[in-house]
Amino acid sequence: VLVGPESVTSATYGMPPAADGLLLVGGDGEIWRGTAGRWRTQESGTNLMLNAVARLSPDQHLACGAGRTVLAIGDDGAVAQVEHEIDPDFLFELRCVGPFAFVFAEGGLHRFAVAPQPRYQALVEGSRGARLAVQGEGALHAIGKSAIGSTGDGLSWRWTDTADIVLDLPD
């Protein structure tokens, strides 16, 4: 059983597997690696809150958070800021589908290519401020106030206006 670090000063998010155990990110730009019941910190280069982390490959992760922060985190200890065109400044969710990573922001859903290094591609057309991600077998669903979208390949998205959804619930 892994025991969390005693010096964690804020909430932590994500726990994808890393080459040497598990990876957590959190407030104050904290990055934690857990292996064999021990935790160690990794310098992030920021003191801004990191809200989400996802595993891109066996040796690479992507994290996002406040202040438009998107970080590539290597299992070798390297951390690099990933350039992008996302506004506003709060990035709150991150998910991967195939060769793509998706960052959720108030202004919409943004696609990043994963290999060989993470790089920004574009705002997903029609994403309309999707704020919640649900991932299932071979699909990613993005849920917003006015639309719900889904993709199986990360390139083609199908969006439905929430006003068009009718729930037939039993009494």
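Mentor: Let us begin with a definition: a contact means heavy atoms within 4.5 Å. The model is a predicted one.

Trainee: Which residues does Asn51 touch, leaving aside those up to four places away in sequence?
Mentor: By that criterion, Asn51 touches Tyr13, Cys64, Gly65, Ala66, Phe90, Leu91 and Phe92. Asn51 itself belongs to strand β6, which spans residues 50–57.

Trainee: Why is Asn51 called buried?
Mentor: Buried means under 20% relative accessible area. Asn51 has 10% relative accessibility, and therefore counts as buried.

Trainee: Why is Asp28 described as partly exposed?
Mentor: Partly exposed covers the range between the buried limit of 20% and the exposed limit of 50%. Asp28 has a relative accessible area of 45%, so the residue is partly exposed. Its place is the loop between β3 (21–26) and β4 (31–35). Phi of Asp28 is near 60°, a positive value in a residue other than glycine.

Trainee: How do you know that Arg68 is partly exposed?
Mentor: The relative accessibility of Arg68 is 28%, and Arg68 therefore counts as partly exposed. This residue also has a positive phi without being glycine, with a value near 65°. Arg68 sits in the loop between β7 (60–65) and β8 (70–74).

Trainee: What is the geometry of the peptide bond from Ala115 to Pro116?
Mentor: That bond is cis, with omega near -5°. Pro116 lies in the loop joining β12 (108–113) to β13 (119–123).

Trainee: Turning to the whole chain, how many helices and strands does the protein have?
Mentor: The protein has 17 strands and zero helices.

Trainee: Why does the radius of gyration agree with that of a compact globule?
Mentor: For 171 residues, a compact globule would have a radius of gyration near 16 Å; the protein has 17 Å, which agrees. Along the principal axes, the C-alpha atoms fill a box of roughly 50 × 40 × 25 Å.

Trainee: What share of the residues counts as buried?
Mentor: Of the 171 residues, 46% count as buried. The accessible surface comes to about 9,000 Å², and carbon and sulfur atoms hold 53% of that area.

How values were computed
Residues are numbered from 1 along each chain as its sequence is written. This is a predicted model: local features need pLDDT of at least 70, side-chain atom pairs count only at pLDDT 80 or more; totals for chains, interfaces and linings use all residues. Side-chain values use heavy atoms; hydrogens and water are left out. Helices (H or I, at least four residues) and strands (E, at least two) are DSSP runs, numbered from the N terminus. The radius of gyration is taken over C-alpha atoms; the globule rule is 2.2 Å times the number of residues to the power 0.38. Buried means under 20% relative accessible area, exposed over 50%, partly exposed in between (1.4 Å probe, protein chains only). Accessible areas come from the Shrake-Rupley method with a 1.4 Å probe; for residues, only the protein chains shown count as cover.
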